[in-house]
Each structure stands twice: as C-alpha cells, then as structure tokens.
Amino acid sequence: MLLRLIVFGASCLLFIAACKHKYPVPRKNPVSIDTTTYGGFPDEVGKIVRSKCVDGCHDAVAHLSDLRLDTWDNLFYGGAHGASVVPYSTAYSLLLHYINTNPANGPVATPGMPYELPPLSDEEYNTIKEWIAKGAPDRNGRIAFADNPDSRQKIYVTQQCDQLAVIDAERMVVMRYIPIGKTPGVAENPHCVRVSEDGRFAFVSFRSGTFLQKIDTRIDSVVDEVDLGDVNWEILLPSPDGDSVMVSNMSGGYTSIVDVVAKSRIKIPQGGDPHGLAALLGFDKFFIAIQTGNKVKKISLRNPTVNKEYTLDGRPPSAVPSYDSHEIILSPDNDKVFITCQGVDSLAVADTSMNILKKIKLGNYPQEMAISKKHNYLFVSCMNDPSPKATAQVEYKGSVYVFNYRTFEQVAKIEWAFMDVHGISVDDRNDKLYVFSRNIGLKGPAPHHIYGCGDKNGFFHVYDMANFTEPLQGKRELLTNPYSTDVRFK
C-alpha cells in the first residue's frame with residue numbers, strides 16, 4: 001500500500017506541474033487529518049475524505065489542481081479553477097461533479113474521483129451532497145464565510161442563469177450563489193447589480209423580468225422585490241440608504257424612481273435609449289447616458305419632467321455621429337463626469353455642467369467603469385479589444401485601461417487571456433481589481449468543467465493594484481455570462 005501511494009503521489013505531482021498556481025493568499029502550516037477530528041470535517045464526511053481523497057492527491061504535498069482536502073478550512077480556498085464547494089449549492093459545487101458517476105444526479109466530470117480508485121458508493125455520494133446542501137458545516141456546525149456578516153467584504157456578479165455569484169474578498173473565491181428571478185426554469189436575464197453606499201443591500205434588475213429584487217448582504221438572500229410592470233430593465237442606482245432606486249429602461253425610453261419601501265415608482269420619459277446613470281450628492285440630480293446618438297441628459301427629482309439635454313460634440317442632438325454613450329460615472333469629488341462612448345471607442349470627460357474637458361481614445365467597444373478612491377484610478381473595460389494572447393485555435397479579446405481620474409493620464413493598459421471583458425470591480429479595502437470575462441464568443445476558451453447552467457462558463461481574474469502586469473492567480477471560473485458586478489464596501 002505504501003509503495004502504491006508513493007507511485008500515485010508522484011503521478012499527481014507530474015500532473016500538476018503544468019497547471020499549478022500560487023495560492024491566492026498565504027496559508028497556515030499544513031495540518032494533518034487525524035481520526036479523531038478529521039481535519040475539522042464532520043465524522044461522516046471526514047471518514048470519506050480521509051479514506052478516498054487526501055493521501056497522495058489532495059494533501060499538503062500533492063494538492064492536485066491546487067485543491068487541498070486535508071482540513072475543512074483548506075477546502076474553502078478552492079482549487080486552480082475556482083470554488084470546489086459552495087455552501088448550500090449542490091448544483092454548482094464542483095466537487096460533486098467529480099465524485100458523481102450517475103448523470104441522473106447531475107453533471108459528471110472527468111477524470112472521476114477518487115482517481116484510479118473505485119468510485120464512491122451511492123450512500124457516500126449522497127452523504128457529501130446532503131452535507132453541502134446543509135451548508136457544508138465543519139464538525140462544530142460552523143458554515144464557511146458566515147462569520148463577520150456585517151463587515152465581510154464581498155464582490156457581487158450577475159449570472160445569466162438567474163444566479164448572483166458572491167465572491168469572498170479575502171480568499172478571492174465564490175462563497176455563495178444566490179438564486180434570483182421569480183419563474184423557475186425561465187431565464188429572466190439578471191442585468192445590473194449595485195450595492196447601496198452603506199453596503200447593507202444589493203439590488204438587481206432584469207432584462208426579461210418585470211421586477212427589481214433586493215438582497216440583504218449580511219445573509220446573501222433576496223428579502224424584497226418591487227414589480228415594475230415592464231421588462232427590459234438596464235442600469236440601476238440605489239440611494240445611499242437603499243430606500244429608493246433609479247433604474248433605466250432603454251427599450252421604453254424612460255427612467256423610473258422606485259420607492260422600495262412603499263413599492264411605488266415615478267416614470268420619467270427620457271426619449272432615445274437611456275442606459276447609464278450617475279447621481280450627484282444627495283440623490284437629487286442625475287446624469288443619464290443616452291445610448292443612441294450624441295446626447296447626455298441631466299434631471300432633478302424636484303422637477304423630473306424638465307430635463308436638460310447636452311451633446312458630446314457641441315452640435316445639435318443627432319443620431320450621427322453615433323457616440324452611443326454606454327456608461328456614466330462621477331469622480332469621487334463629484335466634479336467630473338466620465339462617459340464611455342462605445343460608438344466611437346472613446347472616453348468623454350466633462351465637468352458637472354457638461355462642458356467637455358477631454359476626449360480620450362480607447363480600445364474597441366468601451367463598456368464599464370470602476371473607480372479606486374485610494375489610488376485615484378479610473379478603470380475602463382474595452383470588450384472587443386484585440387488580445388496578444390489570442391491564437392488561431394482560441395480567441396481572446398478585451399482589455400482594461402487605467403487612468404488617473406484627476407490628471408486624465410493613462411497609467412496602464414491591462415491585457416491578458418480575457419474573453420469579452422465587461423464588468424470590473426475595485427476592492428479598495430484589499431487593493432484588488434476584479435476583471436470579469438463573459439466568454440460568449442464562439443471561439444473563446446473552453447471551460448475546464450461544466451456547471452449545467454446554460455452556455456460556456458465565464459471567468460474572472462484578480463489584480464493587485466500595485467502591479468497590473470499579470471494577475472494574482474489563474475482564471476477562476478463562474479457560471480454563464482458574468483455581466484455586471486459591484487463591490488460591497490467601497
């Protein structure tokens with residue numbers, strides 16, 4: 001048996017040589033599993049893990065695919081491709097796919113685990129599955145990532161199979177999937193997610209749903225919703241206290257102010273295709289990016305039927321040239337307005353009276369923006385920018401431009417093996433930038449595994465804001481089409 005483990009362990013090490021990544025954060029000294037505590041796992045789970053999964057493969061030495069199962073805590077660092085177990089989520093816990101041999105139970109991943117050993121029995125598989133469904137607690141009932149609910153830093157990401165991914169900022173791994181939407185089996189296409197200024201609530205709009213949903217960020221669960229009547233909801237903007245939300249409806253040509261408490265709304269016609277939103281201090285005056293033509297609008301809730309209209313080129317409002325303002329964001333000092341113009345691949349900079357200060361040429365198809373107050377950085381994603389990582393076999397595209405938002409000078413251009421970059425989030429608490437790839441192109445990278453939630457998996461990379469040369473870790477896979485993202489505490 002000893003000889004077999006030595007040979008098997010060596011084969012594991014050879015296998016991981018090509019795919020090994022650094023741990024995302026420093027780990028504690030290895031802790032061996034013993035038969036009295038099972039590394040913190042409950043007895044019934046620890047017995048299976050100890051006898052079938054650890055030695056020579058997922059221990060402190062071999063940790064195949066960067067996944068360690070020698071302790072309950074190490075499991076929740078995930079592996080080279082992301083989270084292996086997401087508490088409460090049996091459908092999206094990758095570990096279950098690899099130990100599953102019956103397609104009726106869900107996705108079956110290869111190579112099956114335990115590697116080159118008899119598969120788990122149905123009883124053993126169901127023990128693991130039921131444990132995950134209950135939150136995958138340790139032997140004392142503790143649930144991973146459930147401590148410090150009022151202060152835990154998180155990143156939220158909409159997934160087009162009606163899930164909201166929650167990434168833990170400390171370990172940079174998916175910690176929860178929140179089911180969103182109302183109609184089981186019908187994709188309602190969650191579009192935008194935004195977190196209130198106090199970090200207390202997150203809000204989600206839907207392209208194919210008629211409602212706005214509210215998530216309590218302490219428990220990561222939907223706690224309220226407002227029926228908006230129509231569909232095709234785009235960008236939303238919560239008030240600082242989370243009691244009101246401004247939301248745009250591009251196909252209907254209007255915006256709405258939604259009172260989340262009273263479940264009422266005021267419909268404000270805008271004309272054109274209103275998309276991006278930004279609010280001045282006090283949540284009274286708003287800038288609205290009109291995505292067709294050369295216009296930006298400014299309204300006041302004191303008199304919402306009267307709005308001011310500005311153009312990005314000093315000409316009268318027109319569909320030509322088509323600047324197609326996509327997103328709009330204010331500087332932290334509330335003195336500058338930044339607008340991505342996807343029709344002309346540029347960034348427009350204006351003061352709050354909409355006097356154009358500068359136009360900056362960008363890459364192909366600029367989309368989303370994020371700001372680091374700590375470093376005075378403005379980040380802009382360019383979804384279709386050519387990538388130096390592209391090959392004849394696999395297409396990569398997308399980049400992120402980094403500017404000093406005070407001087408407008410370019411600091412960096414981030415290029416990597418991205419695919420259809422869209423959402424970006426800044427975690428100033430931990431000095432990290434998150435870059436999300438939708439991976440919707442036909443020639444984009446094949447997923448490492450299948451989640452059974454629609455199209456190819458999307459993925460994300462994390463950068464230290466002191467160095468944009470390469471990410472801190474390899475790509476971490478998500479569900480289908482990660483579109484919009486926001487950070488809990490800014």
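The paragraphs below go through loops, charged pairs, a surface patch and cysteines in a predicted model. Because the model is predicted, local features need pLDDT of at least 70 and side-chain atom pairs count only at pLDDT 80 or more, while totals for chains, interfaces and linings use all residues. Residues are numbered from 1 along each chain as its sequence is written, and side-chain values use heavy atoms, with hydrogens and water left out.

Start with the loop between α4 (94–99) and α5 (122–133), where proline 111 is found. Helices (H or I, at least four residues) and strands (E, at least two) are DSSP runs, numbered from the N terminus. Proline 111 counts as partly exposed, at 39% relative accessibility. Here buried means under 20% relative accessible area, exposed means over 50%, and partly exposed is in between (1.4 Å probe, protein chains only). Isoleucine 219 is exposed, with a relative accessible area of 56%, whereas threonine 217 is buried at 0% relative accessibility. For isoleucine 219 and alanine 146, a separation of 73 residues in sequence goes with 8.1 Å in space, C-alpha to C-alpha. For threonine 217 and arginine 488, the separation is 271 residues in sequence and 7.9 Å in space, again from C-alpha to C-alpha.

Two other loops contain residues with a positive phi. Most residues other than glycine have a negative phi. Methionine 354, which is not a glycine, has a positive phi of about 65°. Its place is in the loop between β18 (346–351) and β19 (356–361), and methionine 354 is buried, with a relative accessible area of 5%. Aspartate 431 is also a residue other than glycine with a positive phi, near 60°. Aspartate 431 sits in the loop between β24 (421–427) and β25 (432–437).

Next come the charged pairs. Side chains of opposite charge can pair when their charged atoms come close. How many salt bridges does the structure hold? There are 24 salt bridges, each being a side-chain nitrogen of Lys or Arg within 4 Å of a carboxyl oxygen of Asp or Glu.

One of them joins the side chains of lysine 182 and glutamate 225, at 3.0 Å from N to O. This pair links distant parts of the chain, 43 residues apart: lysine 182 is in the loop between β3 (173–179) and β4 (190–195), and glutamate 225 is in strand β7. Lysine 182 is partly exposed, with a relative accessible area of 47%, and glutamate 225 is partly exposed at 27%.

Another salt bridge brings together the side chains of lysine 295 and glutamate 309, at 3.6 Å from N to O. Lysine 295 is in strand β14 (residues 295–300) and glutamate 309 in strand β15 (residues 307–311), 14 residues apart. Lysine 295 is buried, with a relative accessible area of 17%, whereas glutamate 309 is partly exposed at 38%.

Lysine 397 forms a salt bridge with aspartate 420, and the closest N and O atoms are 3.5 Å apart. Lysine 397 lies in strand β22 (residues 397–404) and aspartate 420 in the loop between β23 (410–415) and β24, so the pair ties together parts that are 23 residues apart in sequence. Both lysine 397 and aspartate 420 are buried. Salt bridges that share partners also join Asp147, Arg152 and Asp168 into one network.

Some charged residues form a patch instead. Glu197, Asp198, Asp241 and Asp243 make up a negative surface patch. Patches are made of residues with over 30% relative accessible area and no salt bridge, with like charges joined within 9 Å and nonpolar side chains (Val, Leu, Ile, Met, Phe, Trp, Tyr) within 5 Å. Asp and Glu count as negative and Lys and Arg as positive, while His and the chain ends are not counted. Aspartate 241 is partly exposed, with a relative accessible area of 43%.

Cysteine 341 counts as buried at 0% relative accessibility, and cysteine 382 is buried, with a relative accessible area of 0%. A disulfide is a pair of cysteine sulfur atoms within 2.5 Å, and by this rule the count comes to zero disulfides.

Definitions and conventions: Accessible areas come from the Shrake-Rupley method with a 1.4 Å probe; for residues, only the protein chains shown count as cover. The place of a charge is taken as NZ of Lys, CZ of Arg, CG of Asp or CD of Glu.
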